[in-house]
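Dear colleague,

Please find below the sequence and structure for your review. My notes on what was found follow directly after.

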Amino acid sequence: MYNQSLKQLSTGLRNKAFSSVELSHYFLQRIKRFDGDLNSVITLNEEAALQSAAQADKSISMGEAGLLTGIPLLHKDIFCTEGLRTSCGSKMLDNFIAPYNATAVEKLAQAGAVMLGKTNMDEFAMGSSNETSFYGGVKNPWNLQTVPGGSSGGSAAAVAARLAPLASGTDTGGSIRQPAAFCGITGIKPTYGRVSRYGMIAFASSLDQGGAMAKSAEDAAIMLQSMSGFDEKDSTSVDRPVDDLLAHLDRPIKGLTIGLPKEFFSDDLDAGIAEKIEQAIDAIKSAGATIKEISLPNINLSVPAYYVVAPAECSANLSRFDGVRFGYRCEEPKDLEDLYKRSRGEGFGDEVKRRIMIGAYVLSAGYYDAYYKKAQQVRRLIQQDFARAFKDVDIIASATAPSVAFAAGEKKDDPVSMYLSDIFTIGVNLAGLPGMSVPCGFVDDKPVGLQLIGNYFEEARLLNVAHQYQQLTDWHLRVPAGYEQE
Amino acid sequence: MSIRSEEVMKIAHLARLGIKDEQLSGYASELSNIMQLVEQMNQVDTTEIEPMAHPLDQSQRLRLDVVTENNQRESLQKNAPNVEDGLFLVPRVID
């Protein structure tokens, strides 16, 4: 049951092979049985989930079911869920009960999906290992000594361990793709503006984008279809029709050109990972695609530019946490300044404080041109590199991450080395392009992810290539040892 | 670029972050390392390059200046640490 595709589960529901209440109960039991070790789910929504499952069963009986009706899923705890704690992985919001639903949550609920709970994450989505969460790190189900990646590490670990068929994620610098790679699942970050950011707690507003995490490209396509679309409540949402993602999955990829950026295939790339990526590209080639070497000459500056843009925006966004209107407040503040400083000092963890300070520094008087403006200019150069490349190729492919899942604690005290684990993913956010990660094999029994990058609004094309690749391979069907019992 | 402890203190004040004295030097060295990474940007000449604020160069959408939200004071104040008569309470600011 746990490894069935969304379409199979949906057919099972319609044929009354099982009900949504039974299916939801089944996955809730898996969470209770397996998540003690993983720590991927931080809030269970059991009672409300079973109620919405019962509601879904009624819709199914009345013949009103869509593909997601009655399907259980998990939401990253960055998405506001009405009446349910929305912590963003922070002590600051440990007591925060969201007063409304994020648009992405609302859309999935309207489609009949059943929310089982909220997943663990790096605090305010700042991290690449899930170790910055106030609720403790998440373990990678493929190897409990290693991290699941981050910041959507809880969602990735939960889908990998088959605790839910689907989970939402958000990606500011790789936070869907890198954990998807580390956990051997499929994750897609669409074009900036495709999924509404309303009710998605803001980290870096010009980079943040919600997306889907699932076992396969087909399942991710179904979920992303439902999450996407224009939303008046998000001023950065793009008013443009959403392609029929499912309809494009079966298109042949013969004649497509896949670009390989030479900067991402340098001699520094880990040999084991390079081999897996080459095999994946050979498989795509065997389906009729052509391969072309391309160059993204400024891509090596994406991590430096990102660590100006993202902290600057985060320091502005996180100024709302003041201990006055919601969130954590320190004990017995002696005056207003003490209230602000201690509430924020005690409510935020180390990494969040570091980024707020970097942001305040680069935006402080006299430094704006040297840092923020410079970073925005570098960002333009990176975008132009991609634009030039997409004149010659349809899709760009690379490794998602420079290593497989690393050991817990290995990079925790070295922010810069942690930042460099997003070296292949960050440029995509700076340019605002869609990107995804697809499992493509193992090195040292740890999953490797193939990153596919598309031109603006080419999510259908990306998912098409990923789906065709998954017709030729079965990496996406592998389940970590210990999680295969029903 | 190296950031000294006194600068950390100043930045933390600007950001209204309470930082303990014994943490200043640790932050100073971490922030210095991050700024060293950031400064790799200087490898490239960006004169005449238009700064990029939005991936799709989309401008902020405007709407009519009419009320679109209902009053939700009660439900929104449920999350507040201290309220009275619909007001947020903070320590006394003016004597």
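In these notes, a residue is called buried if 20 or more other C-beta atoms lie within 10 Å of its own, exposed if 12 or fewer, and partly exposed in between, with C-beta atoms placed from the backbone. This is a predicted model, in which local features need pLDDT of at least 70 and side-chain atom pairs count only at pLDDT 80 or more, while totals for chains, interfaces and linings use all residues. Residues are numbered from 1 along each chain as its sequence is written, and chains are lettered from A and ligands numbered from 1 in the order in which they are written. Helices (H or I, at least four residues) and strands (E, at least two) are DSSP runs, numbered from the N terminus.

I begin with helix α9(A). Its buried residues are I273(A), K276(A), I277(A), A280(A), I281(A) and I284(A). They lie on the same side of α9(A), because they cover an arc of only 135° around the axis (the arc of the directions from the helix axis to the C-beta atoms). On the other side, A271(A), D282(A) and S286(A) are exposed. The buried residues pack against β7, β8, β9, β10, β11 and α16 of chain A, contact meaning that the C-beta atoms of two residues, placed from the backbone, lie within 7 Å. After α9(A) comes G288(A), with a positive phi near 110°.

Helix α16(A) is largely enclosed by the rest of the structure, since 12 of its 14 residues are buried. Its partner α7(A) packs on it at an angle of about 155°, with the axes 8 Å apart; axes are lines fitted to C-alpha atoms, for helices over the stretch in contact, and angles run from 0 to 180 degrees between N-to-C directions. The two helices are therefore roughly antiparallel (an angle over 145 degrees). A217(A), E218(A), A220(A), A221(A) and L224(A) of α7(A) meet E459(A), L463(A), A466(A), H467(A) and Q470(A) of α16(A).

Finally, the interface between the chains takes 55 residues from chain A and 42 residues from chain B. On the side of chain A that touches chain B, α10, α11, α12, α13 and α14 each supply at least two residues, and α13(A) gives the most, with 11 residues.

Kind regards

How values were computed
Parallel < 35°, antiparallel > 145°, perpendicular 65-115°, else oblique.
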